[in-house]
Every structure is written in structure tokens, then in C-alpha cells.
Amino acid sequence: MCLAVPSPMKQVTIYSDGACQGNPGPGGWGAVLIHGQRRKEIAGSCPATTNNRMELTAAIEALRCLKEPCEVAFYTDSKYVQLGMREWLPGWKAKGWRRGTKPVKNQDLWQALDHEAARHRVHWNWVKGHNQQPENERCDQLATQAIDTLRQELGPEGLRTARQAMDQA
């Protein structure tokens, strides 16, 4: 009888960061994924958002890039993301996504991150932001560049319209 031996999971390191110019305001996110000698950088933006939403989006989008289950060393400079995934998430889920009598903020993104993380074995680590850690600094650059590009594309009127829509939602 032959038994199939599962191949070991790929080891991936991810760094992510979110940024917001004004909170709320135009936001961006960036991530660096590393597997062996391979490196991938991703980034995106949103015309009206918060810093926490961009931190969560960076983590979600980075994990979505992985095509198969992986062992992930995940580094974020957001205690909100790190503690949320390591400590708070089980309680929120058990309490129907509530914190006391109020719903958990950014529930849509927390649920998406929980879904993406469930496909992998993720080790959530915190790294101090703006502390000369090269990959974290690169993520910050990617997020800021995404905001700059968004500002150029939308202009002041487009950003104002997006902010008004966010405020009314």
C-alpha cells in the first residue's frame, strides 16, 4: 500500500502597510510577498477610507495573491491587524461580530481577512513602523504612491465627491 505524503507548505513572508491622508481621507495600501528568491509587490487605493481599513485591505489582498495554502510569516506595523487576528477575532465571531452592544467596526473586512487567512497557516507578527525595516518601509512607499496616483487621477473635486459619499453612507 502506498501512502501519499503531503508536500510541505511553501514558506512565504509577507509585509503589509496601509496609509491614509486624513483619517478618513484618500487611502492606499501596499504589500511585499517573498518566497525564496521571488518577490512580488502589490498596491492599491481608495478615494475615501480610514487607515484601519487600508491596513486590513493590505493584509487581505496580500493573502489573496497566494495560489495555494502556505506557511506565512506575516509582518504588519498595525497592532489593530495583529491583535485582531491573534486575539480578538475568536471572541468577535463567538459574539456574533459584536463588541459589547455595538457591532465590530470594519466587519466586512475582518470577515474577508478571516476567510483568506483560513486557507493558510499564518503567524501574525508586529513590526514597528517607520523604523528602517526595509520591507515595511517599501510597503509604506507603495501605499503612499498609490494615494499620490489616486489624487492625480481624481483631482480635488473627485476626492471631495468620494468623501461626501462616504460621509453619507
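Is R39 exposed, partly exposed or buried, and what is its relative accessible area? In this predicted model, local features need pLDDT of at least 70 and side-chain atom pairs count only at pLDDT 80 or more, while totals for chains, interfaces and linings use all residues. Residues are numbered from 1 along each chain as its sequence is written, and side-chain values use heavy atoms, with hydrogens and water left out.

R39 is partly exposed, at a relative accessible area of 44%; the classes are buried (under 20%), exposed (over 50%) and partly exposed in between, for a 1.4 Å probe and protein chains only. The side chain of R39 forms a salt bridge with that of E41 (3.6 Å, N to O), a salt bridge being a side-chain nitrogen of Lys or Arg within 4 Å of a carboxyl oxygen of Asp or Glu. E41, itself partly exposed at 34%, also forms a salt bridge with R138, with the closest N and O atoms 2.9 Å apart. Because E41 belongs to strand β3 (residues 38–49) and R138 to helix α4, this pair ties together parts 97 residues apart in sequence. Helices (H or I, at least four residues) and strands (E, at least two) are DSSP runs numbered from the N terminus. A network of salt bridges links R39, E41, E135 and R138.

The structure holds 12 salt bridges, among them one between the side chains of E71 and R121 (2.7 Å, N to O). E71 lies in strand β4 (residues 70–76) and R121 in strand β7, so parts 50 residues apart in sequence are tied together. E71 is buried, at 14% relative accessibility, whereas R121 is partly exposed at 46%.
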